[in-house]
Structure formats: C-alpha cells, structure tokens
Amino acid sequence: MENYENGQSRRSFLNWLLVGGFGSLAAATIYPLVRFIYPPELPQAVQNSVVAAKTGEMPPNSGKIFKFGTKPGILIRTKGDEYRAFSAVCTHLQCAVQYEESRGDIWCACHNGRFDLSGKNISGPPPAPLEVFNVAIRGEEIIVSKKG
Ligand code: FES
C-alpha cells in the first residue's frame with residue numbers, strides 16, 4: 001500500500017515535471033515567434049530641427065534633399081533668393097520629390113505630381129500639400145525646423 005502511494009506520488013510528480021517541461025518548451029518556442037509577428041512599436045526618433053545646408057552651398061534657383069530624422073526634406077533657394085523647406089515625401093504615394101529648376105516648382109517623378117513653392121499641390125495626383133518647415137539662418141548654417 002505504501003509502495004503504491006509512493007509510486008503514485010512519483011508518477012504524478014514525473015507527469016507534472018513532463019507537462020511543465022513541455023509547457024516551458026512551447027512558451028520558449030512560441031514567444032519569439034509572436035514577438036516577431038507583432039514587434040513592439042518603436043518610438044520615432046524625435047528630431048525637430050536639422051542643419052540642412054551651409055550658406056553659399058546652394059545657388060539661387062536650386063534645391064537640395066536633406067535628411068530630417070528618418071525622412072527626406074527638401075530645401076529650396078528660390079530665384080528671388082528666399083529659402084523654403086518642405087517634407088520631400090510626396091503626399092500621393094510617398095515618393096521623394098525634387099526641385100525642378102526649369103519650371104521653378106517641386107516635382108514628383110513617380111506620377112508627375114507638382115507642388116508650388118508654398119508646398120501646395122497644383123497638379124497630378126497628390127491629394128494634399130507638402131508639410132512646410134521653418135527655415136532660419138544662423139551664422140553659416142541653414143536650419144530647418146518643424147512648425148508648431
Ligand atoms: S507618389 Fe508623387 S505623384 Fe504619385
């Protein structure tokens with residue numbers, strides 16, 4: 001009788017150990033898969049201003065793509081010698097826009113979208129204007145910053 005109870009107790013302990021082991025193995029296998037399929041959201045690097053160019057680097061009627069955080073921006077020196085800056089991400093399907101010197105406007109080559117020098121969408125498929133940035137000149141640096 002006593003042996004039977006010990007055997008029963010040993011068996012239930014081994015069952016518990018086996019189930020626990022398989023459970024741990026399943027958790028160790030499934031958890032990385034779930035984290036891979038649903039990765040945690042990473043906070044966007046917050047960058048509110050950047051040195052986009054040096055003064056004298058850009059002639060009038062030219063544009064320059066610069067990196068603003070994880071996205072491109074475009075700095076334009078107009079024919080009238082003003083600096084303007086926008087997000088270079090087209091509002092249609094997120095292609096990068098460029099300054100078109102011959103027309104003096106901003107062009108998206110993907111689907112022939114156009115924006116004027118205030119960032120307003122003026123032709124083609126872009127449904128909204130480009131995001132407009134502030135431009136300030138400090139010493140030899142042209143600093144672009146987000147509005148607001
Ligand atoms: S992505 Fe710019 S016009 Fe389509």
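These legends walk through several close-up views of a predicted model. Residues are numbered from 1 along each chain as its sequence is written. Because the model is predicted, local features need pLDDT of at least 70 and side-chain atom pairs count only at pLDDT 80 or more, while totals for chains, interfaces and linings use all residues.

**View 1. Two domains in the protein chain.** Domain 1 covers 1–42 and domain 2 covers 49–146, with bounds that come from an automatic or database domain assignment. Taken over C-alpha atoms, the centres of domain 1 and domain 2 are 58 Å apart.

View 2. Strands here are DSSP runs (E, at least two residues), numbered from the N terminus, and two of them pair if DSSP finds at least two bridges between them. As a reminder, strands of a sheet pair through backbone hydrogen bonds, either parallel or antiparallel.

View 3. Strand 1 is joined to strand 10 (residues 141–146) by 5 bridges, and the two run antiparallel. Look for V51, which stands opposite I143 in strand 10.

**View 4. The hairpin of strand 2 and strand 3.** Here 7 bridges join strand 2 to strand 3 (residues 71–77), again an antiparallel pair. F68 has K71 in strand 3 as its bridge partner. The hairpin has 2 residues between the strands, and G69 takes a positive phi near 65°.

View 5. Most residues other than glycine have a negative phi. D81 lies in the loop between strand 3 and strand 4 (83–87). Is D81 buried or exposed? D81 counts as exposed, because it has 9 C-beta neighbours inside 10 Å; the cut-offs are 20 or more other C-beta atoms within 10 Å for buried, 12 or fewer for exposed and partly exposed in between, with C-beta atoms placed from the backbone. N112 lies in the loop between strand 6 (105–108) and strand 7 (113–115), and is exposed, with 11 other C-beta atoms within 10 Å.

Definitions and conventions: Helix = DSSP H or I, 4+ residues; strand = E, 2+ residues; numbered from the N terminus.
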